[in-house]
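Dear colleague,

Please find below the structure that I am handing over to you. My notes on it follow directly after.

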Amino acid sequence: TTNLMDNYTIYFGHVLSNSFYPVLQRAIGVGSAFEGWSPHEQDVVYRVLIPMTPPRGHSFHLELESAEQRPVRNFRVRVQLECTCTREQQGDNMLCFLHHPEEELRGNQDPSLLDTLCTGSYLDVEKTARWFYQLVRAIWPALPQAHNWHLTLLPSTRSCQIKVTNGRESFRIEMLFGVRRDDSDIFVSSQTREAHTPSTAWPESCAVAEMKFFKHISRQAPPDSLHLKCLQFFTRLQLGFGFSTYTMKTIVMHLLNVTPVSSWHRRDFLQRLEDVSECLHLCVRAKRLNHFIVGNQRLPEDISLPPDVQRGQSYNLLHHLEQQSAAHTQAMYEYKVL
């Protein structure tokens with residue numbers, strides 16, 4: 001997957017070099033497959049996040065939708081035209097979208113990003129996804145993988161999902177796209193969090209920061225560390241129960257952050273499983289599980305967060321248990337069965 005995405009990135013650069021479409025950066029592997037603990041080894045979806053930066057003559061401005069509160073914070077990506085008159089004077093052939101007559105622009109230059117992938121002044125996720133599908137399909141025949149692999153495009157409105165097969169193996173890849181918040185590891189991404197996410201809404205994502213946390217742990221962990229096996233064990237065990245995979249992942253991340261990596265040897269396996277189980281029990285009883293990234297002051301130094309995320313108030317992933325007594329009763333029962 002990494003090799004395929006690297007090859008795509010090279011061709012993205014060639015094809016889009018003089019265009020006014022978003023500039024696509026190298027893909028970042030995120031999610032369970034790249035963190036090393038995928039619960040479904042036979043049906044893995046390899047998710048990658050492709051950072052986008054504005055093309056020439058444009059800038060991106062992230063606007064938080066004021067009505068939104070955590071846990072789901074939606075942003076909009078406002079696209080603004082920038083003056084490029086000085087670039088033209090320096091020998092760049094590009095006409096300035098702001099200061100050249102409209103008829104001259106129409107006759108001599110491709111339309112701006114505002115006229116292609118935006119709704120109003122805002123970057124549209126669904127238009128971006130459709131454009132991206134066309135790009136992936138058009139570039140595929142030029143890639144080395146096309147000689148031995150077959151590409152199938154899978155339906156999706158907010159990402160680009162593909163399957164590549166060679167007769168013996170097959171891989172499913174989901175390409176998400178996003179815009180980085182400042183210079184941090186937090187993005188606004190195309191991945192949906194709700195049933196009906198507006199096409200101009202880009203939910204805040206901590207996926208890159210979480211992936212970097214697992215990489216940090218793996219660099220320090222002993223060779224026989226079973227922290228990923230603990231997580232894999234519980235995410236498989238709780239299938240059919242009401243505890244989400246993300247809940248179990250968050251509990252294990254909290255434990256990894258406070259338990260020395262030397263305590264995750266093979267000989268410690270049963271003790272760590274008991275720790276995870278007890279932590280889940282305490283969280284369900286208290287109806288509270290803090291998000292791992294937001295407001296966490298104990299993250300490794302190489303994970304960069306915007307100030308509002310780093311110093312923000314952590315939110316409760318089990319808030320529904322506070323609001324619904326029947327849900328809390330059911331969760332306590334399911335924990336006992338588990």
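Helix α9 has 18 residues, and its first and last C-alpha atoms are 26 Å apart, close to the 26 Å expected at 1.5 Å a residue (the expected span is 1.5 Å times one less than the number of residues). Helices here are DSSP runs of H or I with at least four residues, strands are runs of E with at least two, and both are numbered from the N terminus. The model is a predicted one, in which local features need pLDDT of at least 70 and side-chain atom pairs count only at pLDDT 80 or more, while totals for chains, interfaces and linings use all residues. Residues are numbered from 1 along each chain as its sequence is written, and side-chain values use heavy atoms, with hydrogens and water left out.

The buried residues of α9 include R272, L273, V276 and C279; buried means under 20% relative accessible area, exposed over 50%, and partly exposed in between, with a 1.4 Å probe and protein chains only. Its buried residues pack against α7, α8, α11 and α12, where contact means heavy atoms within 4.5 Å. After α9 comes K287, whose phi is positive, near 60 degrees.

A nonpolar core is a set of buried Ala, Val, Leu, Ile, Met, Phe, Trp, Tyr and Cys residues joined through side-chain atoms within 4.5 Å. This core has 41 residues, of which I293 and L305 touch the most other members. Apart from it lies another core of 38 residues, among them L24 and W202. Not counting residues up to four places away in sequence, L305 touches S184, I186, A209, I293, L299 and Q310.

In helix α6, the buried residues include A209, E210 and F213. The 14 residues of α6 should span 20 Å at 1.5 Å a residue, and the end C-alpha atoms are 21 Å apart, which agrees.

Strand β9 (residues 160–165) holds Q161. Is Q161 buried or exposed? Q161 is buried, because its relative accessible area is 16%. Its contacts include Y133, T152 and R172, with residues up to four places away in sequence not counted.

Finally, the unreviewed UniProt entry carries the annotation "domain: Mab-21-like HhH/H2TH-like" for residues 243–295. UniProt positions follow the numbering used here, feature names are shortened, and annotations may be inferred rather than shown by experiment. This span is 60% helix and 0% strand, and its end C-alpha atoms lie 23 Å apart.

Yours sincerely
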